[in-house]
Every structure is written in C-alpha cells, then in structure tokens.
Amino acid sequence: MLWAMPAVSIYGFRRAAFEALGYRDCDILAYTGTATPLLEGLTANSSTPYIGAYCDLRAGPAVLEVPPAGADGSLYGQVVDAWQFSIADVGPSGMDEGKGGRYLFTPPGYDQSVPDGYLHVASPNNRISFAFRSVRAPGKTAKDAYQYARQLRMYLLGDTKSPPEQKFIDPSNSRYPTLPFFDERYFRDLAEIVDAEPVREQDKVMMGMLATLGIRKGMKFDPDPRPFVRSGKAQSTPGIFSSNGTITSRRSCCSGRTATTPR
C-alpha cells in the first residue's frame, strides 16, 4: 500500500483537524507562532508560522483569496489534491506572481462557466488542502506574519455575494495529531478516501486489488478484525513507508507520475 501513503498522510491532517481542533471546511488554521511538538507531523519545521485549510469540492467550487506580497509579508506554499499532488502554487512563485488574487478551485467534471477575475484551477479530486508558510518581511516579527496570514479568505463560490466571516483557528496550544495510523485504521482511512474521490481509468487495476480487502467505492468498509489481532503486521509494516524520511509514490499506482512529499 506504499502508493497510497501520500493520500492517507494528507487525509490524516484533515481528520485530525476535524477531530482535535473543531475544524470545519474552509476554516483556516493559522499559527500565531512557529510550530511546537504539539504539531505531530513528520516534516514540520520551527522557523516559520504555518497556515493550512481543507475543503471538499463536492459542496461546490471554492474561492481562495490571497493577499499581495509586499512590506507586510508574503506567502509560500501549495494547494494539493487528495493524492498530495500540487495543483497550484501561491505567492511570488505562484499563479498570482505575488500580486494576490482570487483562486477558484472547481471539482472534477465541472462544466459550468468560470466567472471573470479568477485564477482557475480544475482539481482532479474532490478534496483539496493547502499548506502555506507566512514569510516575514525584513524587520517583521512572527506576530506580524500571523496578522498578514489573517488576510486570507476561503469560502464556497456560491457564497461570493455575501461570504461568511472567516474563521481562524490557532492550534499553537493544542495537540494536533496528524500522523497516519499504523494499524487497521490505516485501511479505514484509505477506504474513506476511495469512497470520496473519483475513479479514473488508470485507477481500475488498484481498485480491483483493494476490493479484495473489502475496500469498494460506495460500500461500507467492514473488515474482519481477526487477521489484524493475530498477526500484528498491520501495526508494524506501514512504518517502513516513512522510515527514511522520504516517501515516493506513484499517483493511483498507474499514472506514471511520481511525487515526493515536500520538506
């Protein structure tokens, strides 16, 4: 199941935000300071404040408003799909080129016209997320970087005329346990991902293999727990996926593209 680790990993961030932080889609996680050990992540650093968010495009296209880079700060980071592939960069190195703007993320199969004034990104998956760093401008503090991050907005396109007040969550003093489970819950998470995302032509071979484990799109995953209890392998084997600090995987096994989780 090595090919699925990027998807399970990013789903772990989403699940933990909902369960541990009271998160809801389109809220924004913004750290007032740099990360501490309370952020339980494989590759977190403690030099820049993190910003993150999650959105399920089955509810409709999503708008992400990005502030311009300048004397107050700038952003660095990517929006990724459910398989942790980058679908848009932001900030000076991104689509907005540091000028700021409104990104519009549409779900798979979206066939309606895109309004003018948006940077359109067609997502290949239903669930997207972003992880940004608020980069301090010269002479600025971590507090300034946090205030700059609070200029971000995320909401559904259907709410454009009257966007809801943006909710920011500061996880600085909360345990945020994002690490993937290394037991039978790994497969439960994988089943949840499979059920939420579209199946493309290149996915069908792997979907057939997953079906032998009882993981099928549109069906409840209800495995026999006895093999997990007897062998204990489900608790130890997935650990090799990240033992060297690097995860390399093929998207949906068969697309021929590779991805490595960013550091």
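This is a predicted model: local features need pLDDT of at least 70, side-chain atom pairs count only at pLDDT 80 or more; totals for chains, interfaces and linings use all residues.
How do the residues of the lining of the second largest cavity divide into nonpolar, polar and charged? The answer is six nonpolar, one polar and three charged.

**The chain as a whole**

The protein chain has 263 residues, and 48% of them count as buried. Its secondary structure consists of six helices and 14 strands. When contacts between residues at least 6 apart in sequence are considered, 71% of them join residues at least 24 apart. The chain exposes about 13000 Å², and carbon and sulfur atoms supply 52% of that area.

**Cavities**

Rolling a probe the size of a water molecule over the atoms shows where empty space is left. In this model the count comes to three cavities of 30 Å³ or more. The table gives the volumes of two of them.

| Cavity | Volume |
|---|---|
| Largest cavity | about 120 Å³ |
| Second largest cavity | about 80 Å³ |

Thirteen residues line the largest cavity, and Ile10, Tyr11, Arg14, Ala82 and Arg127 lie nearest its centre. Helix H1 (5–21) and strand S9 (127–135) are the elements that give two or more residues to this lining. H1 provides the largest share, four residues. By residue class, the lining of the largest cavity divides into eight nonpolar, one polar and four charged.

The second largest cavity is lined by 10 residues. Those nearest its centre are Trp83, Val194, Glu197, Pro198 and Met207.

Notes. Residues are numbered from 1 along each chain as its sequence is written. Side-chain values use heavy atoms; hydrogens and water are left out. Buried means under 20% relative accessible area, exposed over 50%, partly exposed in between (1.4 Å probe, protein chains only). Contact means heavy atoms within 4.5 Å. Accessible areas come from the Shrake-Rupley method with a 1.4 Å probe; for residues, only the protein chains shown count as cover. On a 1 Å grid over the protein atoms alone, a cavity is a set of points where a 1.4 Å probe fits but cannot get out, and a pocket is an open set with protein on both sides within 12 Å along at least five of seven lines; lining residues have an atom within 4 Å of a point. Grid points are joined across faces, edges and corners, and a volume is the space filled by probe spheres set on the points. Ala, Val, Leu, Ile, Met, Phe, Trp, Tyr, Cys and Pro count as nonpolar, Asp, Glu, Lys and Arg as charged, and the others, Gly among them, as polar.
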